[in-house]
Amino acid sequence: MSNADVVRACFASYLAQDRAAMDRLLAEDFVFTSPLDDHIDKAAFFDRCFPTAHRLRSQEILDAVPAGDDQVFVRYEYELTTGERHRNVEVMTVREGRVTETQVYFGGRFPRG
């Protein structure tokens, strides 16, 4: 599986709320950073971030671009159940088939069309 495939599998596991699959995809020393979370560990990610998929009506990966040996830049669009649409970018580091780090950069609202 390529690094981009691992990243796509993470997104699919999140949407399906398949914790077992996500656990296999994340390294034990996984670190997650976003504007709301400052270098939280895997346990905190599963407590705070993973269970939030219910807020989404849809999510689509627009680009998953490998960068260097172990990073993948992901740009995606999602629609909340409220109808708001957003685009974000994540930089995910993948080593030996598992994600070791995710850095999330929040985008703003994005209109339809």
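A: Begin with the surface. Accessible areas come from the Shrake-Rupley method with a 1.4 Å probe. In this predicted model, the chain exposes about 6400 Å². Carbon and sulfur atoms supply 50% of that area.

Q: What percentage of the 113 residues count as buried?

A: A residue is called buried when its relative accessible area is under 20%. By that cut-off, 43% of the 113 residues in the chain are buried.

Q: How many helices and strands are in the chain, and in what order do they run?

A: The chain has three helices and six strands. Read from the N terminus, the order is α-α-β-β-α-β-β-β-β. The radius of gyration is 13 Å, close to the 13 Å from the globule rule for 113 residues, so the chain is as compact as a globular protein of that length. Its C-alpha atoms fill a box of roughly 40 × 30 × 25 Å along the principal axes.

Q: Which residues is Gly107 in contact with, leaving aside its neighbours within four places in sequence?

A: Contact means heavy atoms within 4.5 Å. With those neighbours set aside, Gly107 is in contact with His86, Arg87 and Asn88.

Methods:
Residues numbered from 1 in each chain as written. Predicted model: local features only at pLDDT ≥ 70, side-chain atom pairs only at ≥ 80, totals over all residues. Heavy atoms only, no water. Helix = DSSP H or I, 4+ residues; strand = E, 2+ residues; numbered from the N terminus. Rg over C-alpha atoms; globule rule 2.2 N^0.38 Å. Buried < 20%, exposed > 50% of the residue type's maximum accessible area, 1.4 Å probe, protein only.
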